[in-house]
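Subject: Structure handover

Hello,

Here is the structure I said I would pass on. My notes follow below it.

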Amino acid sequence: MVQCPDRIIASMDTGVDDALALAYLLGSADECELGGVIAGYGNVDANTAYANTCAVLDLFGRADIPVFLGSEHPSWADAFIPDAGCAQFHGDDGLGNTRLAGSGALADGAGVPGDDMSGDDMSGDDMSGDDMSGDDMSGDDMSVDVPDEVVSVGGYLAGDVHAHPALGACSRVNRSRSVGHPQSTMPTALASGGKRRCSVDAADGIEYLIEQVREFGRDVTVLATGPLTDVDAAITRAPDIASKLRLVMMGGTLTQPGNCWDAVAETNIIQDPEAANRVFHSGADITMVGLDVTHQCLLPQSAADRWRATGTKRGRFLADLADFSIKANLEADPALFSGGMPLHDPLAAAVALDSSLVDCFDLALRAETNTGDFNGVRGRTTGDPVGLVNHSMPHVHVALGVDSERFLDEFVERMAEVCR
């Protein structure tokens, strides 16, 4: 009997490393079936993530894979503004500016519904200064007439000292609906100009996740490379799926500093700590692939050069992504990233296919939801002290060790193959 490949459902805020993870999954067709992608907010706004996902799938000839629009803002906020830090590491378009630059591999790619992704206001070259302070979040810079809304700027309240909106992002605040109240939108244009069978109804992505878990149980793996808002929304709507859910998530950090402005929280967790905390306590089978291991998996420049040398559009695209991220990470921390870009999302994707790549420590886990005395720091992932006395609390498999050499060799080789 032929064994069916593992089934993967991905929840992505499709930026640079999400796109690399997506290409890796497409190159792993013998090992897994990618059943669909739910694209939501995080590195970019949800519409941009949706367009990026479609563009990548089309580039690799997989327009048959359904794409769904996921959460457009955190569970605690009414609207979302992309963060300057994410733009620094992912580009204004989320794909290392490959869709914006005239010479980029996806320059003629899919558009973003309702957004104008061109113009000087999207340059993003100056990531500091008064314009990025976040202190003046009202008036012309906001470009919204909803002063009573709670606006998340990269996971922080609009007035927080850490709230730094990406240049040009304020005019694209998404405040149309929550994931609990579906409202259809028009599908985006496709890079290939071909037909795509996909949905852009906000509720559909959550419903699809629920249906997949109910049908396949733990024979399907939910891979979350962005905030956990989609997964939390699915469990909240259908609590019965929690015990059947196998989740591999990229996010959090247990033994290392965070990668947010305060160097405490990790980006995917700070976006929606409430959602993460609920998921951690849901009873789902969760593997956390955080900075503890992803910072040990650095993609060298030689890999990007190898992909570019294939001479294909796919190879040039993957190399452009890697080049952008290697440069951004090196500028951010020359000591930590002298060896290349950290493969955050690709490692999580690889772990979803082969859990032996990492060594895990199981513990009751929580995401801090407040900052202050006896509360910790919002967004930080720590052991839940209640778990020390209540051993029946759900435990999370936290990856602390990784076979980085084996992973990197397999990743670089598989991506070289998918370039052809």
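Is Glu 413 buried, partly exposed or exposed? Glu 413 is partly exposed, because its relative accessible area is 33%. Please keep in mind that this is a predicted model.

Salt bridges

The structure holds 17 salt bridges. In one of them, the side chain of Glu 413 meets that of Arg 306, at 2.7 Å from N to O. This pair links distant parts of the chain, with Arg 306 in helix 9 and Glu 413 in helix 12, 107 residues apart. Arg 306 is partly exposed too, with a relative accessible area of 35%.

Asp 232 and Arg 278 form another salt bridge, and their closest N and O atoms are 2.8 Å apart. Asp 232 belongs to helix 5 (residues 229–237) and Arg 278 to helix 7 (residues 273–280), so the pair ties together parts that are 46 residues apart in sequence. Asp 232 is buried, at 6% relative accessible area, whereas Arg 278 is partly exposed, at 41%.

Lys 244 and Asp 240 also meet in a salt bridge, with 3.9 Å from N to O. Lys 244 is partly exposed, with a relative accessible area of 32%, and Asp 240 counts as partly exposed at 32%. Asp 354, Asp 403, Arg 406 and Glu 410 are linked in a salt-bridge network.

Core and aromatic rings

The largest nonpolar core has 67 residues, of which Trp 307 and Leu 318 touch the most other members. Helix 1 (residues 16–26) supplies the largest share of this core, 9 residues. Apart from it lies another core of 34 residues, including Val 222, Met 249, Ala 276 and Leu 363.

Beyond its neighbours within four places in sequence, Trp 307 is in contact with residues including Leu 20, Leu 318, Phe 411 and Met 415.

There are 5 aromatic pairs in the whole structure. Trp 307 and Phe 411 make an edge-to-face pair, 6.1 Å centre to centre with 75 degrees between the planes. Trp 307 lies in helix 9 (residues 301–308) and Phe 411 in helix 12 (residues 404–419), 104 residues apart. Both Trp 307 and Phe 411 are buried. Ring pairs join Tyr 24, Trp 307, Phe 407 and Phe 411 into a cluster.

Surface

Val 386, Leu 388 and Val 389 form a nonpolar surface patch, together with about 330 Å² of accessible area. Leu 388 sits in the loop between strand 14 (381–383) and strand 15 (396–402). Leu 388 is exposed, with a relative accessible area of 67%.

Regards

Key: Residues are numbered from 1 along each chain as its sequence is written. This is a predicted model: local features need pLDDT of at least 70, side-chain atom pairs count only at pLDDT 80 or more; totals for chains, interfaces and linings use all residues. Side-chain values use heavy atoms; hydrogens and water are left out. Patches are made of residues with over 30% relative accessible area and no salt bridge: like charges are joined within 9 Å, nonpolar side chains (Val, Leu, Ile, Met, Phe, Trp, Tyr) within 5 Å. Accessible areas come from the Shrake-Rupley method with a 1.4 Å probe; for residues, only the protein chains shown count as cover. A salt bridge is a side-chain nitrogen of Lys or Arg within 4 Å of a carboxyl oxygen of Asp or Glu. Helices (H or I, at least four residues) and strands (E, at least two) are DSSP runs, numbered from the N terminus. Buried means under 20% relative accessible area, exposed over 50%, partly exposed in between (1.4 Å probe, protein chains only). A nonpolar core is a set of buried Ala, Val, Leu, Ile, Met, Phe, Trp, Tyr and Cys residues joined through side-chain atoms within 4.5 Å. Contact means heavy atoms within 4.5 Å. Rings of Phe, Tyr and Trp (its six-membered ring) pair if their centres lie within 6.5 Å; planes under 30 degrees apart count as stacked, over 60 as edge-to-face and the rest as tilted.
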